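User: I'd like to go through the terms used for this protein one by one. Could you set each label against its cut-off for me?

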Amino acid sequence: MIALDIAAIVIALLALVLSLVQFMRESSREKKASTIDAFYNLQNDVFDPLNKLLIDEHVDMSKLTIGSEDWRKVTNALAKIEHFSVGINTGVFSLQILNRVAGAYYIRIFYDLKPVIDQKRKQNISNGKHYHEFEQTVIHLKKMERGRLRK
């Protein structure tokens with residue numbers, strides 16, 4: 001009788017472990033998929049129009065006039081990037097997947113937009129914290145890149 005009870009407990013524990021492993025796998029898969037989906041939307045809504053401004057129209061970010069149409073486009077894009085970066089920094093989205101999908105691009109676009117970011121920070125509306133989440137994501141991506149170069 002005791003052997004049967006022990007066997008039942010062992011089977012129950014194994015079932016619990018297998019359930020937890022399956023839950024973690026599914027959670028990880030969903031996080032990766034949601035990151036890819038969110039980045040796809042960001043690409044269409046934000047990065048494609050930004051590339052049009054930066055590459056096709058050769059707009060110099062350091063010469064944008066506050067309140068101009070291009071300024072509005074860039075700051076709206078930055079707000080969406082900031083929102084996505086919050087998802088990355090809080091673990092809702094995967095930093096590793098972002099790195100694989102477009103890590104170098106994400107870093108580059110930060111520096112391309114840095115003149116606008118600096119100008120917004122000088123306005124000091126949010127204690128100089130404009131686009132802090134975006135910057136933190138870039139810092140994490142750069143650390144990942146440095147780690148990969150050392151291997």
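**Labels and their cut-offs**

Analyst: Gladly! Let's start with Leu-14, which sits in helix 1 (residues 2–56); helices here are DSSP runs of H or I with at least four residues, strands are runs of E with at least two, and both are numbered from the N terminus. This is a predicted model, where local features need pLDDT of at least 70, side-chain atom pairs count only at pLDDT 80 or more, and totals for chains, interfaces and linings use all residues. Numbering starts from 1 along each chain as its sequence is written, and side-chain values use heavy atoms, with hydrogens and water left out.

User: Why is Leu-14 called exposed?

Analyst: Its relative accessible area is 51%. Exposed means over 50%, buried under 20%, and partly exposed in between (1.4 Å probe, protein chains only), so Leu-14 counts as exposed.

User: What makes the nonpolar surface patch?

Analyst: Ile-2, Ile-6, Val-10 and Leu-14 do, with about 400 Å². Patch residues have over 30% relative accessible area and no salt bridge; nonpolar side chains (Val, Leu, Ile, Met, Phe, Trp, Tyr) are joined within 5 Å, like charges within 9 Å.

User: Which elements does the protein have, and how do you know that it is more spread out than a compact globule?

Analyst: There are four helices and zero strands. The radius of gyration is 22 Å, well over the 15 Å that the globule rule gives for 151 residues, so the protein is more spread out than a compact globule. The radius is taken over C-alpha atoms, and the rule is 2.2 Å times the number of residues to the power 0.38. Along the principal axes, the C-alpha atoms fill a box of roughly 80 × 30 × 30 Å.

User: What makes Arg-72 and Glu-69 a salt bridge?

Analyst: Their side chains meet at 2.4 Å, N to O. A salt bridge needs a side-chain nitrogen of Lys or Arg within 4 Å of a carboxyl oxygen of Asp or Glu, so this pair qualifies. Being three residues apart in helix 2, Arg-72 and Glu-69 are separated by about one helical turn.

User: Why are Arg-72 and Glu-69 called partly exposed rather than buried?

Analyst: Arg-72 has 40% relative accessibility and Glu-69 has 43%. Both values lie between the two cut-offs, so partly exposed is the label.

Technical notes:
Areas by Shrake-Rupley, 256 points an atom, 1.4 Å probe, with all protein chains shown as cover.
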